[in-house]
Amino acid sequence: MPLPDLFRARTWLAGAVGLALALGLAVAGRAEDIPQYGGGANTGADEAYDVDTALVVSVDVSNSVDDVRYKLQMEGIAKALEDPSVIDAILTGSRGSILFSMVTWADRPKLSVPWVKIASKEEALAVAARVRKLPKEGGEFTCVSGMLRTIADKVTTQIPAKAKRIVVDVSGDGKDNCNRDEPTEVVRDELVANGVIINGLPILEGNDKDTLEKWYKDHVMGGTGAFVLPAHGFEDFGRAIRQKFVIEISGLTSPRPSDFGMVRDTSGIVAR
């Protein structure tokens with residue numbers, strides 16, 4: 001190549017490299033300016049987060065939930081936290097930890113388990129033991145809208161560390177029957193707009209059995225990769241919540257129907 005052409009080629013290459021570096025620095029600078037919500041900054045870099053998932057487990061304890069059904073729910077959640085596939089999903093995430101909280105709700109919601117970090121098998125077992133000891137909170141109505149409003153105002157806003165994902169897991173055996181002025185989907189959309197994923201676990205039993213799953217999809221489910229995974233009665237709750245935990249903690253998006261029978265997380269762990 002003649003010297004003038006070689007000189008021009010080297011000059012162009014140097015300019016291209018310089019432009020690429022400048023663009024990279026500009027993108028990095030913008031990433032730091034992305035706003036936070038509930039302690040979680042959506043920067044896309046795992047190093048920017050303290051935990052992989054901030055998980056709110058929201059459980060219906062209205063008057064249709066008797067003592068036996070309540071125990072099935074609490075035991076199902078506790079066993080899910082003790083399950084090897086759930087623990088592996090927690091520990092094999094990029095940050096190897098999650099934040100966990102639990103809301104029980106009927107007429108009024110209650111933060112039954114405030115935010116706690118799980119970063120080891122021992123910590124998961126300790127939270128499971130805590131869930132088993134929760135006293136039953138009663139109530140007449142199924143106030144889904146009020147529960148979501150409390151989570152939006154008082155739970156997700158108090159996340160104590162930066163989370164890569166914020167997930168609200170709502171379970172219940174009925175539709176909202178509180179006739180509130182604020183429709184369920186309005187609060188749902190507000191949470192979603194702030195980066196929260198809301199997944200549904202309708203318990204298909206009783207009068208709403210044939211329509212509850214669709215109601216959850218239309219009024220509760222929201223956010224990127226959100227899904228509804230039903231339990232076929234309270235006896236099936238433990239199976240459903242365990243599978244949901246693996247999906248939610250692993251950060252799987254838009255799971256296929258086949259994933260509900262065999263859930264595989266990013267590390268190849270399978271929950272049956």
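Visitor: What is the mean pLDDT of the protein?
Guide: The mean pLDDT (the predictor's confidence in each residue, from 0 to 100) is 82, and 76% of the residues reach 70 or more. This is a predicted model, in which local features need pLDDT of at least 70, side-chain atom pairs count only at pLDDT 80 or more, and totals for chains, interfaces and linings use all residues. Residues are numbered from 1 along each chain as its sequence is written, and side-chain values use heavy atoms, with hydrogens and water left out.
Visitor: Where does pLDDT stay under 50?
Guide: Residues 1-44 stay under 50, and the model has 32 contacts (heavy atoms within 4.5 Å) beyond four places in sequence for them. The pLDDT is also below 50 over residues 260-272, a stretch with 41 contacts beyond near neighbours in sequence.
Visitor: Moving on, at what angle do α3 and α8 pack?
Guide: Helix α3 (residues 84-91) and helix α8 (residues 237-250) pack at about 10°, and their axes are 9 Å apart. The two are therefore roughly parallel (an angle under 35 degrees) to each other.
Visitor: Which residues meet there?
Guide: From α3, Ser85, Val86, Ala89 and Ile90 meet Arg242, Phe245, Val246, Ile249 and Ser250 of α8.
Visitor: And alanine 48, where is that found?
Guide: Alanine 48 lies in the loop between β2 (40-41) and β3 (51-60). Its relative accessibility is 25%, so alanine 48 counts as partly exposed, that is, between buried (under 20%) and exposed (over 50%), with a 1.4 Å probe and protein chains only.
Visitor: How many residues along the chain separate alanine 48 and alanine 163?
Guide: They are 115 residues apart along the chain, while their C-alpha atoms are separated by 8.8 Å.

Methods: Axes fitted to C-alpha atoms, helices over the stretch in contact; angles between N-to-C directions. Helix = DSSP H or I, 4+ residues; strand = E, 2+ residues; numbered from the N terminus. Parallel < 35°, antiparallel > 145°, perpendicular 65-115°, else oblique.
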